[in-house]
Amino acid sequence: MRYLDEVTFIKESSDSHYDPDLGEWVEKQPTKTIFSANITDIGTDRSVKVFGDIKQGAKVMRMMPLFVMPEYDYIEFDNKKWALTTYRNPSERNTFILQEVNK
């Protein structure tokens with residue numbers, strides 16, 4: 001299996017706050033962790049099992065063995081934001097089912 005796709009796990013900063021002197025919200029930089037992955041479209045059978053119907057925009061992301069999942073709020077791939085729907089770890093191969101979310 002080839003791990004040619006680049007995915008970014010993003011954790012929003014907890015230091016973001018409202019600055020009363022400026023009168024605006026100050027957004028701190030999020031923490032980004034980049035990994036290589038194998039990403040494919042979800043099959044129709046699995047889509048029906050996971051979602052109850054066929055979902056457009058769902059992907060299967062497979063990570064390398066010994067992958068350690070960082071703390072994250074969402075995943076970016078292909079200039080889109082993704083949320084974790086299901087996670088499995090068969091034979092030490094981390095498999096994620098992702099669903100595209102609106103930014």
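User: What makes Phe9 count as buried?

Analyst: Happy to walk through it. In this predicted model, Phe9 has a relative accessibility of 1%. Buried means under 20%, so Phe9 counts as buried.

User: And why is Phe35 called partly exposed?

Analyst: Phe35 has a relative accessible area of 22%. The partly exposed class lies between the 20% limit for buried and the 50% limit for exposed, so Phe35 falls into that class.

User: How do you know that Phe9 and Phe35 form an aromatic pair, and what makes it edge-to-face?

Analyst: Their centres are 5.5 Å apart, and rings pair if the centres lie within 6.5 Å.

User: What makes Phe9 and Phe96 an edge-to-face pair?

Analyst: The distance is 6.3 Å centre to centre, within the 6.5 Å limit. The angle between the planes is 65°, over the 60 degrees required, so this pair is edge-to-face. Phe96 sits in strand 8 (residues 95-101), so the pair with Phe9 in strand 1 joins parts 87 residues apart in sequence.

User: Is Phe96 buried or exposed?

Analyst: Buried: Phe96 has a relative accessible area of 0%, under the 20% cut-off.

User: Which residues form the aromatic cluster?

Analyst: Phe9, Phe35, Phe67, Tyr72, Tyr87 and Phe96 form one aromatic cluster.

Note on methods: Residues numbered from 1 in each chain as written. Predicted model: local features only at pLDDT ≥ 70, side-chain atom pairs only at ≥ 80, totals over all residues. Heavy atoms only, no water. Phe/Tyr/Trp six-rings, centres within 6.5 Å; stacked < 30°, edge-to-face > 60°. Buried < 20%, exposed > 50% of the residue type's maximum accessible area, 1.4 Å probe, protein only. Helix = DSSP H or I, 4+ residues; strand = E, 2+ residues; numbered from the N terminus.
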